[in-house]
Amino acid sequence: MRFDIITIFPEMFTPVLNESIVKRAQEKKKVAIRVHDLRKYTKDKHKKVDDRPFGGGPGMVMTPQPFFDAVKKIKGRRKAKVVLMSPSGKRLTQKLARELAKQKNLIVLCGHYEGVDERVREKVVDEEVSIGDYVLTGGEIPAMVIIDCVTRLIPGVVGKEASLEDESFERDMLEYPHYTRPANFRGTKVPDVLLSGNHKAISEWRKQQALRVTRRNRPDLIKNK
Ligand code: ADE
């Protein structure tokens, strides 16, 4: 899978792409991630990528030309899905991440200021995605969120694929609590059932706990259960 990120802050991505699982996924050639500076594509002599909104109002709007030209050049003859990071987008969920992980080429546009000229969304973008109901200063951190959650779903990236199946959201449930050594940490003990060796009882306990955690923190997930 290949990601092409189009941003006015390419350096923001360097630390994130060079650590941990995302770094190893690139080394193992499971993903290729290229970060492109939007300003390189502007035809404006001052390298401006934004302008005042028609109709008035506060803030600036990102102009269409650099995005149109950057996507055209980067896409070339390949088929690619173009995603715009924006608080007005469709909410990112584990389900959407799984859909995106099926793509061969993803081009991710990072918006800024008051937004991006609507013609970009109309003519260039296939999907507008938000990472949650809050407003960030730009689409860079959301793009990193997409890279991270999509990369770990690519087969062969996370060691044991079975470990993906049990985790939060895979069945509209949050995860059960985890414990490791020591069995007694400063007086707080690990639940006996986990030390019992009784796999059926352990599985039952985990199911109950997942339900308890989901009811407590995300009751909206279980309205149909
Ligand atoms: N840009 C600013 N806020 C955002 C959000 N919540 N999701 C995606 N892109 C954004």
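**Ligand site and domain layout**

The domain assignment divides the protein into domain 1 (2-151) and domain 2 (166-222). The model is predicted. A ligand is present, and it sits in the largest pocket. Strand S5 (81-91) and strand S8 (127-130) are the elements that each give two or more residues to the shell around this ligand.

Domains
- Taken over C-alpha atoms, the centres of domain 1 and domain 2 are 37 Å apart.

Shell around the ligand
- The residues around the ligand are Met 85, Ser 86, Pro 87, Val 129, Ser 130, Ile 131, Gly 132, Tyr 134, Val 135, Leu 136, Gly 138 and Pro 142.
- S5 supplies the largest share of this shell, with 3 residues.
- Sorted by class, the shell holds 8 nonpolar and 4 polar residues, and no charged residues.

- Ser 86 has a polar backbone atom 3.1 Å from a nitrogen atom of the ligand.
- For Ile 131, a backbone N or O atom lies 3.0 Å from a nitrogen atom of the ligand.
- Tyr 134 also places a backbone N or O atom by the ligand, at 2.8 Å from a nitrogen atom.
- On its own the ligand has 260 Å² of accessible area, and the protein covers 97% of that area.

Note on methods. Residues numbered from 1 in each chain as written. Predicted model: local features only at pLDDT ≥ 70, side-chain atom pairs only at ≥ 80, totals over all residues. Heavy atoms only, no water. Near = heavy atom within 4 Å. Polar contact = N/O pair within 3.5 Å; in protein donor to acceptor, adjacent residues only side chain to side chain. Areas by Shrake-Rupley, 256 points an atom, 1.4 Å probe, with all protein chains shown as cover. 1 Å grid on protein atoms, 1.4 Å probe; cavity = no way out; pocket = protein on both sides within 12 Å on 5 of 7 lines; lining within 4 Å. Sits in = over half its atoms within 2 Å of the grid points. Helix = DSSP H or I, 4+ residues; strand = E, 2+ residues; numbered from the N terminus. Nonpolar A, V, L, I, M, F, W, Y, C, P; charged D, E, K, R; others polar. Domains from an automatic or database assignment.
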